[in-house]
Amino acid sequence: TRILNLTNAGKFFRFLAAYKPDHIMATHFLPAHALINAPKKFALNSIPSLLMTDYDKHGLLMSPGMSHYFVSTKKMRWKMRQAGIADEKITVSGIPIDPVFYENKSVSALKKQYHATDEKKIALVLSGGQGLAKLHDIIITLAESIQPLIIFAVAGKNESLKNKLSALRVPPRHALHIIGWTDSIDDYIRIADCVITKPGGLSTTECIVLGKPIISISPIPGQEEHNAEYILENGFGVVAHAPDDLLYYLEQPTESLAPGYARQKKQTERPAEIILKTILRGTPTFA
């Protein structure tokens, strides 16, 4: 990463030297490593902190020289202490997401707006912003369900995928709605009975905040596997390893998929508030 930063980060350093931020927070190891090893000629006075946006620590993100770490769980803090990070450098903040997920909205009004009814189970299928998940295969699997479904499938920015999905036909007992890029993803999560998604850190957090059962699919080895483990440990959903797993879970009572929400304590402070208060306190670790 040092070699990459020497050749690729010049514009980044010049921007920071001109902007003169009071604090820099990284959410990825490449800019974190770049900041720690910035050439002295740029005179960067801000020691960066690091925000981990998954539910387990990542070795590449634990960079010597970081001023502070913001993590999602107490378990992560314990693991980082075991790895040698000083406790005063770690804050359990949770993962910050768009404030819209904390707004109060009428689910019944949203269902009316999006032509959804309570007569059928509503399944939301997310592929990520770039539309990378195998949505085509997933919808074909969902079409086999004997449980009547209203399926909302979000293809993101992948127009070719959206067109391919729009050509699909499902049995009359189901209703299929194909969504491209949307700024209203919270609306779709709110009306869903369950959310079928890859267990990315942000999408997982969005579902948890809105109390929606998660059916995790195709976790990428590493961080997404740890996110799926967090979902299972806390009873926020299940993991479907094969098409018949997915069909089985769809036909179960929704509340049985995520019993953890019934015992979940309401969070009194949002992650973004915790992070900002910690930074603005100006503790010595940020000097």
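1. For sorting residues by type, Ala, Val, Leu, Ile, Met, Phe, Trp, Tyr, Cys and Pro count as nonpolar, Asp, Glu, Lys and Arg as charged, and the others, Gly among them, as polar. By that sorting, the lining of the largest pocket divides into 12 nonpolar, 11 polar and 10 charged residues. Please keep in mind that the structure is a predicted model.

2. The largest pocket holds about 1,000 Å³ of space. Helices α9 (201-209), α10 (223-234), α13 (260-263) and α14 (271-280) are the elements that each give two or more residues to its lining. The lining has 33 residues in total, and those nearest the pocket centre are I208, Q264, K265, K266 and Q267.

3. Is Q223 buried or exposed? Buried means under 20% relative accessible area. Q223 has a relative accessible area of 15%, so Q223 is buried.

4. Q223 belongs to helix α10. Its side chain reaches the backbone oxygen of D56 at 2.8 Å. When neighbours within four places in sequence are left aside, the contacts of Q223 are D54, D56, K57 and H58.

5. Helix α6 covers residues 135-142 and is mostly covered, with six of its eight residues buried. The buried ones are L135, H136, I138, I139, T141 and L142. As a general point, an α-helix has 3.6 residues a turn, so residues three or four places apart point the same way.

Terms used:
Residues are numbered from 1 along each chain as its sequence is written. This is a predicted model: local features need pLDDT of at least 70, side-chain atom pairs count only at pLDDT 80 or more; totals for chains, interfaces and linings use all residues. Side-chain values use heavy atoms; hydrogens and water are left out. Buried means under 20% relative accessible area, exposed over 50%, partly exposed in between (1.4 Å probe, protein chains only). Helices (H or I, at least four residues) and strands (E, at least two) are DSSP runs, numbered from the N terminus. On a 1 Å grid over the protein atoms alone, a cavity is a set of points where a 1.4 Å probe fits but cannot get out, and a pocket is an open set with protein on both sides within 12 Å along at least five of seven lines; lining residues have an atom within 4 Å of a point. Grid points are joined across faces, edges and corners, and a volume is the space filled by probe spheres set on the points. A polar contact is a pair of N or O atoms within 3.5 Å; within protein, one must be able to donate a hydrogen and the other to accept it, and residues adjacent in sequence count only if both atoms are side-chain atoms. Contact means heavy atoms within 4.5 Å.
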